[in-house]
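Welcome! Please take a moment to look over the sequence and the 3D view, and then we can walk through a few features together.

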Amino acid sequence: MNEYYRTLLNDSIRKGLSDAKSAEKIDHPLLIGELREIVVHNLIEPMLTNQFSIGTGKVIDYNGAVSKQIDICIYSKNLLPPIFFPSKNNLALFPFESVLSCIEIKSSFSKKNIIDAYNNFNYIERNLSLTSGLHDENHNPQPQVVVKPHYRLFIFDTSQKNYSQESFLNTYKLIDPNWDSEPLIAHVCLVGKGSFCFIDKGWIHKSYDGINNIHEENISFLGTVVQDLPRTEGSRGIPRIGYYLSDAYATDKIVQGKLNIRPWTPGKTVFKLSPFPNPIKIK
């Protein structure tokens, strides 16, 4: 552990949280946008290496499926390029193969806000597919093992008086039936309280150090976000933009000077993610 490195990061976190308190004074329709920018520019962006970048927008797949808008998408510049909309505050469409992490930003802790994030991520799981990043010498797609995007929740909530390590999970388990085995949202940070992360041995928790005013919860959250990126990127292989631009199986072939109409064997290797239950209705 390097105390100097941690101190600089903690100072940056404090600055971001101070800006967030100021942002809470503005009208609600603008609040989430302000908080998102604070998380991006003060917390995540300074810790990323050059091959990773951040945007906000929707995740798309080769087959035309489009997700709901995601507050923060961390993507790899080494994979497929996003398409940015001109003059739309960095709003973009992100090919699924390039998306490594999705983060929803919430101004406060509530069951409604958690359900909203859960449903957005659940839509991706249920409706979007990954194409193969491995192909043989004849350009046929091959099966591969991929690491799916990590779904995360960042909550600006420092006013919850009855917070305990169990309080968040007691709420979340009412929403996600797989909360203790394969939770959809496996990484959560509640600012000034604690962070939760699901690993192979179950949930772990890191508390805010109020005595020394050290945001251990944020440091833990950011560290896990950043260190997961190379492994997730490496599992994707070399995806092909051609799947998004044209139907390769509809291409004709010239054999010994003669035209063969669509001679390719149909069928692409794609990966549907784990099936999750239907979206949760807010009651």
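This is a predicted model: local features need pLDDT of at least 70, side-chain atom pairs count only at pLDDT 80 or more; totals for chains, interfaces and linings use all residues.

## A charge over a ring

Which residue lies over the face of Tyr 123? Lys 68 does, at 5.0 Å from the ring centre. Here a charge sits over a ring if NZ of Lys or CZ of Arg is within 6 Å of the ring centre and within 35 degrees of the ring normal.

Residues are numbered from 1 along each chain as its sequence is written, and side-chain values use heavy atoms, with hydrogens and water left out.

## Rings that meet

A search of the whole structure finds 11 aromatic pairs. Rings of Phe, Tyr and Trp (its six-membered ring) pair if their centres lie within 6.5 Å; planes under 30 degrees apart count as stacked, over 60 as edge-to-face and the rest as tilted. Phe 84 and Phe 94 make an edge-to-face pair, 6.4 Å centre to centre with 85° between the planes. Phe 84 belongs to strand β3 (residues 83-84) and Phe 94 to strand β4 (residues 91-95), so this pair ties together parts that are 10 residues apart in sequence. Helices (H or I, at least four residues) and strands (E, at least two) are DSSP runs, numbered from the N terminus. Phe 94 is buried, with a relative accessible area of 0%, whereas Phe 84 is partly exposed at 34%. Buried means under 20% relative accessible area, exposed over 50%, and partly exposed in between (1.4 Å probe, protein chains only).

Phe 168 and Phe 196 form a tilted pair, 5.1 Å centre to centre with 35° between the planes. That pair links distant parts of the chain, with Phe 168 in helix α4 (residues 165-172) and Phe 196 in strand β9 (residues 194-199), 28 residues apart. Ring pairs also link Phe 109, Phe 168, Tyr 172, Phe 196, Phe 198 and Trp 203 into a cluster.

## An enclosed strand

Now turn to strand β7 (residues 150-155): six of its six residues are buried, so the strand is largely enclosed by the rest of the structure. His 150, Arg 152 and Phe 154 point one way from β7, and Tyr 151, Leu 153 and Ile 155 point the other way.

Two strands pair if DSSP finds at least two bridges between them. Strand β5 (residues 99-106) runs parallel to β7 and is joined to it by six bridges; Ser 101 has His 150 as its bridge partner in β7. Four bridges join β7 to strand β8 (residues 187-190), also parallel, and Leu 153 has Val 188 as its partner in β8.
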